[in-house]
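Here's a quick tour of a protein fold for anyone just getting started. Have a look at the picture first, then read on.

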Amino acid sequence: MQPQATMKNIFIELNSYGEMPFVYCESNQMKQMFINILKNAIEAMPSGGEIKVELRKKDNNHIHIQIIDEGVGISKERIKHLGEPFYSIKEDGIGLGLMICFNIIQQHQGTLSIDSEVNKGTSVEICLPLE
């Protein structure tokens, strides 16, 4: 995703806090989930900016991944509907990307939550079990 981000004047910063253990997962599904979320973050910043990806070991059983953008943000009313089939806040969106992300995380016994503020940006938090 870095080449696409660079073309839009967006810098992706990766911060890992401590040693990261391996997560048992279906790697292609995780790749698809991260692509969807990063693509959304890139599209939310038409004037450029920074995306932070932070990795932390939450406890002995979970890893916490946070993806934070400086984009246009999402209203509280719309956040409630994110992940519903065919619900999109993008003009050309079909409303399946985040639904797929929620499903992938659920299949891996994890959680995905979204917090956002209009004109300030969005934070996507993913928590995955280590076993």
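Before anything else, one term: two strands count as paired if DSSP finds at least two bridges between them. In that sense, Gln66 in S3 is the bridge partner of Glu54. Keep in mind that you're looking at a predicted model. We'll go through the sheet, then the helices, the salt bridges and the nonpolar core.

**The sheet**

- Five strands make up an open sheet in the order S1-S2-S3-S5-S4, and the pairing is mixed.
- S1 and S4 (111-117) sit at the edges, each pairing on one side only.
- On average, neighbouring strands here are turned by 15° against each other, ignoring direction.
- S1 (residues 10-17) and S2 (residues 49-59) pair in the parallel sense, with 8 bridges. Along that pairing, Leu14 stands opposite Val53 in S2.
- To get from S1 to S2, the chain goes through helix H2 (residues 27-43), making a β-α-β crossover that is left-handed.
- S2 also pairs with S3 (residues 62-68), this time in the antiparallel sense, over 7 bridges.

**Helices on the sheet**

- H2 packs on the sheet and touches S1, S2, S3, S4 and S5 (121-129). The direction of H2 makes about 170° with that of S5.
- Helix H4 (residues 97-107) lies across S4 and S5, and runs at about 140° to S4.

**Salt bridges**

- How many salt bridges does a search of the whole structure find? The count is 3.
- Glu43 pairs up with Lys39, with their closest N and O atoms 3.0 Å apart. Both residues lie in H2, 4 residues apart, which is about one turn of the helix. Glu43 counts as partly exposed because its relative accessibility is 31%, and Lys39, at 33%, is partly exposed too.
- Glu54 turns up again here: its side chain meets that of Arg56 in a salt bridge (3.2 Å, N to O). Is Glu54 buried or exposed? Its relative accessible area is 11%, so Glu54 falls under the 20% cut-off and is buried. Arg56 has a relative accessible area of 32%, so this residue is partly exposed.
- Lys76 forms a salt bridge with Asp115, and the closest N and O atoms are 3.3 Å apart. Lys76 lies in helix H3 (residues 76-79) and Asp115 in S4, so this pair ties together parts that are 39 residues apart in sequence. Lys76 is exposed because its relative accessibility of 52% is over the 50% cut-off. Asp115, with a relative accessible area of 45%, is partly exposed.

**The nonpolar core**

- A bit of background: in soluble globular proteins, nonpolar side chains tend to be buried together.
- The largest nonpolar core in this model has 29 residues. Which of them touch the most other members? They are Met33, Ile37, Ile51, Ile67, Leu112 and Ile126.
- S1, H2, S2, S3, H4, S4 and S5 are the elements that give two or more residues to this core. H2 gives the most, with 6 residues.
- Take Ile51 as an example. Leaving aside neighbours within four places in sequence, Ile51 is in contact with residues including Ile10, Phe11, Ile12, Leu38, Ala41, Ile42, Met45 and Ile67. Glu13, Ile68 and Asp69 are also among the contacts of Ile51.

Key:
Residues numbered from 1 in each chain as written. Predicted model: local features only at pLDDT ≥ 70, side-chain atom pairs only at ≥ 80, totals over all residues. Heavy atoms only, no water. Right-handed = clockwise from strand over helix to strand, strands pointing away. Axes fitted to C-alpha atoms, helices over the stretch in contact; angles between N-to-C directions. Contact = heavy atoms within 4.5 Å. Salt bridge = Lys/Arg side-chain N within 4 Å of Asp/Glu carboxyl O. Buried < 20%, exposed > 50% of the residue type's maximum accessible area, 1.4 Å probe, protein only. Core = buried A, V, L, I, M, F, W, Y, C linked by side-chain atoms within 4.5 Å.
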